[in-house]
Amino acid sequence: MVLVGSPGTNAQHASELGFLPENVHASTAKNDGITGLTDLTHGADPTSPEFGATVFESNEGSEGGQRPLGAAHSEYFKDGSLSLKYMGEVIAAEH
């Protein structure tokens, strides 16, 4: 399972998602406006150490854009991005 730009999950730990924690991967871009909503809407931040997912790097993302989330929230699948490369590696069973 891969979570990108997630506002949180209804689970308190990766193990509650029906996958082994090592098979749950999460990332949030530095400039993604969703960071202001994490833990407020859907529960635990999947990138927090307590959640137990494998946290991977994303590009910082573009600054600005339409509020409240901004441009960075839509850039996880952008060609050449760190997050897209990592997600491809998950699909290829390299993580």
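V4 has S27 in strand 2 as its bridge partner. The structure is a predicted model, in which local features need pLDDT of at least 70, side-chain atom pairs count only at pLDDT 80 or more, and totals for chains, interfaces and linings use all residues. Residues are numbered from 1 along each chain as its sequence is written, and side-chain values use heavy atoms, with hydrogens and water left out.

Strand 1 and strand 2 (residues 25-27) run parallel and are joined by 3 bridges. Strands here are DSSP runs of E with at least two residues, helices are runs of H or I with at least four, and both are numbered from the N terminus. Two strands pair if DSSP finds at least two bridges between them. The open sheet holds 3 strands in the order 1-2-3, and the pairing is parallel. Strand 1 (2-4) and strand 3 are the edge strands, and each pairs on one side only. In general, strands of a sheet pair through backbone hydrogen bonds, either parallel or antiparallel.

Helix 1 lies across strand 1, strand 2 and strand 3. The helix runs at about 170 degrees to strand 1. Such angles run from 0 to 180 degrees between N-to-C directions, with axes fitted as lines to C-alpha atoms, for helices over the stretch in contact (heavy atoms within 4.5 Å).

The largest nonpolar core has 8 residues: L3, A11, A14, V24, A26, A44, F51 and A53. A nonpolar core is a set of buried Ala, Val, Leu, Ile, Met, Phe, Trp, Tyr and Cys residues joined through side-chain atoms within 4.5 Å. Buried means under 20% relative accessible area, exposed over 50%, and partly exposed in between (1.4 Å probe, protein chains only). A second, separate core has 6 residues, including A29, Y76, Y86 and M87.

V55 is found in strand 3 (residues 54-55). This residue is partly exposed, with a relative accessible area of 46%. Beyond its neighbours within four places in sequence, V55 contacts A26, P46 and T47.

F56 lies in the loop between strand 3 and helix 1 (82-91) and Y86 in helix 1, so the pair ties together parts 30 residues apart in sequence. Both F56 and Y86 are buried.
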